[in-house]
Amino acid sequence: MLSLRHISLLQFKNYPDRSFDFSERVIGICGKNGVGKTNLLDAIHYLCFTKSYFTRLDGNNVQHGASGFRLHGDFILHDRPEKAVCILRETGKKEFSINEEPYDKFSHHIGRYPCVVIAPDDAELITGDSRERRTFLDALLCQLDPEYMQHLIIYKKVLDQRNSLLKSFAETGTKNLALLDVLDEQLIKPGDHIFHQRSSFLVSFLPVVKRLYNDISQRDENVHLYYESELLQSSFSDLLTLNRTKDCFAQRTTSGIHRDDLDIQLGNQPFKNIASQGQRKSLLFALKLAEMEVLKKEKGFAPLLLLDDVFEKLDEDRIGNLLHKVCAENDGQVFITDTNEERLRGHLDKLSVSYQLLIL
Ligand SMILES: Nc1ncnc2c1ncn2[C@@H]1O[C@H](COP(=O)(O)OP(=O)(O)O)[C@@H](O)[C@H]1O
Ligand SMILES: [Mg+2]
């Protein structure tokens, strides 16, 4: 069992110096636009992933005018207290420790506090380009297997080197094919590993998404999800050889797991082209709730769940249905933000679970 009991934020976004105690499993966070609800959830995300959910640049999270930030969370993991501290120094150096023990590799931390976020911009997961879906999948697999993340880091590094080399071929007019061979070798190992992890994981994951989707929309819709990867047809090594001329011409690597996608169909059409807003929301929730189920099954305890403004444009029934799933049927800690205190209170009262309401 995992829970967060306390968090302190120092010079983090709009918080100069602020602490919060969390005494319940279900926590509602209310307040007007711009008071810092999302920022508080992001601070929790930081302590789980050592980074923001919203921005890649750590510096963007430092309070304007300040030169660094500090986050401190008191967690309970398997009945034992753990103090997680994340510091961004003014030099830009980031430090992360558990019970005063610093990590030398942050990737070792990922998955210790599993966490699922649902935020308004996550609709991009359905409507955006393939990168969004790969990011979702990678965040999930990294929490399940630290080795996956290592392979991903190496893959990205070698891919950048390979692309730079292809560019230099075009610029200099000479081709160092021996070096390209070496980089291909280096790319194949992590690429194959990632492909196998993704494909074996999706075999069991995608049916869960489909089941949850039908559950949420409360009827049996013809939704199908498929893993899309060129590596399903040919080995990565063959693809690199086959596409070498094309890669040299394009000055980038045109095949590999960095081009994978999830193909989502409704009937026989691409989901994003024909699904209504309600259907898209249902699919988003299905993906995230499936993530929650899988993490719970693999870890043996429920992940933290961060729901940011998810009620906008949802009808009352769907809000009730969703809250029941995440607060009553689930036994993990849940943080829910809403601008409308009355609405949130009304829904939480109906669930007969004890909850805490923070008004920012
Ligand atoms: N680095 C930062 N320094 C200071 N304020 C920030 C920083 N980043 C965001 N903010 C402020 O945080 C506020 C938004 O907080 P947010 O958590 O998104 O609000 P809410 O979710 O309650 O609507 C905005 O007023 C924004 O200007
Ligand atoms: Mg917000």
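This is a predicted model: local features need pLDDT of at least 70, side-chain atom pairs count only at pLDDT 80 or more; totals for chains, interfaces and linings use all residues.
Q: Let's start with helix α5. Where does α5 bend?
A: Helix α5 covers residues 177–217 and bends at L202. The bend is about 40°.

Q: Which residues of α5 are buried?
A: Among them are L187, P190, G191, I194 and F195. Further along, F205, V209, L212, Y213 and I216 are buried too.

Q: What do those buried residues pack against?
A: They pack against the helices α3 (130–144), α4 (146–172), α6 (236–242), α9 (277–299) and α10 (316–328). The strand β9 (223–228) is also on that list.

Q: And what follows α5?
A: Q218 does, and its phi is positive, near 60°.

Q: Back to α4. At what angle do α4 and α5 pack?
A: The angle is about 145°, and their axes are 9 Å apart.
Q: Is the crossing left-handed or right-handed?
A: α4 passes α5 in a left-handed crossing.
Q: Which residues make the contact?
A: From α4, they include Y148, L152, Y155, L159 and R162. From α5, they include L180, L183, L187, P190 and I194.
Q: How many of the residues in that contact are nonpolar, polar or charged?
A: The contact of α4 with α5 has 13 nonpolar, 6 polar and 1 charged.

Q: What about M149, where does it lie?
A: M149 lies in helix α4.
Q: Buried or exposed?
A: M149 is buried, because 21 other C-beta atoms lie within 10 Å, and 20 or more is enough to count as buried.
Q: Which residues does M149 touch, leaving aside neighbours within four places in sequence?
A: M149 is in contact with S107, I110 and C142.
Q: How far apart are M149 and P190?
A: Their C-alpha atoms are separated by 9.9 Å. Along the chain, M149 and P190 are 41 residues apart.

Q: What is phi for D79, then?
A: Phi of D79 is near 70°, a positive value, and D79 is not a glycine. D79 lies in the loop between β4 (69–77) and β5 (80–88).
Q: Is D79 buried or exposed?
A: D79 is exposed, because 6 other C-beta atoms lie within 10 Å, and 12 or fewer counts as exposed.
Q: And what is phi for Q251?
A: Q251 is not a glycine, yet it has a positive phi of about 60°. Q251 sits in the loop between α7 (244–250) and β10 (261–266). It is partly exposed, with 16 other C-beta atoms within 10 Å.

Q: Where is K313?
A: K313 is in the loop between β12 (304–307) and α10. It counts as exposed, with 10 C-beta neighbours inside 10 Å.
Q: How far is K313 from I27?
A: They are 286 residues apart in sequence and 21 Å apart in space, C-alpha to C-alpha.

Q: Where is S237?
A: S237 is in helix α6. S237 is partly exposed, with 15 other C-beta atoms within 10 Å.
Q: How far is S237 from R343?
A: C-alpha to C-alpha, they are 55 Å apart in space. In sequence, S237 and R343 are 106 residues apart.

Q: Last one: how many residues surround ligand 1?
A: There are 14, and the closest are K13, N14, K37, T38 and N39.
Q: What kinds of residue make up that shell?
A: The shell around ligand 1 has 2 nonpolar, 10 polar and 2 charged residues.

Terms used. Residues are numbered from 1 along each chain as its sequence is written. Chains are lettered from A and ligands numbered from 1 in the order in which they are written. The bend at a residue is the angle between axes fitted to the seven residues ending there and the seven starting there. Helices (H or I, at least four residues) and strands (E, at least two) are DSSP runs, numbered from the N terminus. Two residues are in contact if their C-beta atoms, placed from the backbone, lie within 7 Å. A residue is near a molecule or strand if its C-beta atom, placed from the backbone, lies within 6 Å of it. Ala, Val, Leu, Ile, Met, Phe, Trp, Tyr, Cys and Pro count as nonpolar, Asp, Glu, Lys and Arg as charged, and the others, Gly among them, as polar. Axes are lines fitted to C-alpha atoms, for helices over the stretch in contact, and angles run from 0 to 180 degrees between N-to-C directions. A crossing is left-handed if the near helix is turned anticlockwise from the far one by less than a right angle, and right-handed if clockwise.
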